[in-house]
Amino acid sequence: MLTFARADEGRKTPVKVNRLLASMFQLLNQTLPPDVTVELDLEPKLPFILADPNQVEQTVINLAMNAKDAMPKGG
């Protein structure tokens, strides 16, 4: 998020969002506590986006961790 605020360009490449999120699914399940269930419901045929894949991954992980922290008893 800080990178976005600084308007840092990063290395932008075409990214297939569904593929990126699917590859992160297992990581999120391993990172979050067992009482938190991660469900993956992807919209088929999403277009490519122009983004830095590392920034997208970090943003999704941060959102998941913030959501976990906002839940009662952390999950």
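Among contacts in the chain between residues at least 6 apart in sequence, how many join residues at least 24 apart? The share is 83%. Contact here means heavy atoms within 4.5 Å.

This is a predicted model, in which local features need pLDDT of at least 70, side-chain atom pairs count only at pLDDT 80 or more, and totals for chains, interfaces and linings use all residues. Residues are numbered from 1 along each chain as its sequence is written, and side-chain values use heavy atoms, with hydrogens and water left out.

Start with the overall layout. The chain has 3 helices and 2 strands. Along the sequence they follow the pattern α-β-α-β-α. Helices (H or I, at least four residues) and strands (E, at least two) are DSSP runs, numbered from the N terminus. The chain has 75 residues, and 23% of them are buried. Buried means under 20% relative accessible area, exposed means over 50%, and partly exposed lies in between (1.4 Å probe, protein chains only).

Now look at two of the helices. Two packed helices are described by the angle between their axes and the distance between the axes. Helix 2 covers residues 17-31, and helix 3 covers residues 53-70. Their axes come within 11 Å and cross at roughly 40°. Each axis is a line fitted to C-alpha atoms, for helices over the stretch in contact, and angles run from 0 to 180 degrees between N-to-C directions. Helix 2 and helix 3 are therefore oblique to each other. Angles under 35 degrees count as roughly parallel, over 145 as roughly antiparallel, 65 to 115 as roughly perpendicular, and the rest as oblique. The crossing is right-handed. That term applies if the near helix is turned clockwise from the far one by less than a right angle, and left-handed applies if anticlockwise.

Which residues meet there? From helix 2 come Leu-20, Leu-21, Met-24, Leu-27, Leu-28 and Thr-31. From helix 3 come Pro-53, Val-56, Glu-57, Val-60, Ile-61, Ala-64 and Met-65. These residues divide into 11 nonpolar, 1 polar and 1 charged. Ala, Val, Leu, Ile, Met, Phe, Trp, Tyr, Cys and Pro count as nonpolar, Asp, Glu, Lys and Arg as charged, and the others, Gly among them, as polar.

Take Ile-61 in helix 3. Ile-61 is partly exposed, with a relative accessible area of 22%. Leaving aside neighbours within four places in sequence, Ile-61 is in contact with Met-24, Leu-27 and Leu-28. The C-alpha atoms of Ile-61 and Leu-32 are 9.8 Å apart, although 29 residues separate them along the chain.

Next comes the core. In soluble globular proteins, nonpolar side chains tend to be buried together. Here the largest nonpolar core has 5 residues: Leu-28, Leu-32, Val-36, Val-38 and Ala-64. Such a core is a set of buried Ala, Val, Leu, Ile, Met, Phe, Trp, Tyr and Cys residues joined through side-chain atoms within 4.5 Å. Ala-64 is in contact with Leu-28 and Leu-32, leaving aside neighbours within four places in sequence.

Not counting residues up to four places away in sequence, Asn-18 touches Leu-42, Glu-43, Pro-44, Lys-45 and Leu-46.

Lys-45 sits in the loop between helix 2 and strand 2 (48-51). Lys-45 is exposed, with a relative accessible area of 81%. Most residues other than glycine have a negative phi. Phi of Lys-45 is positive, near 65°.
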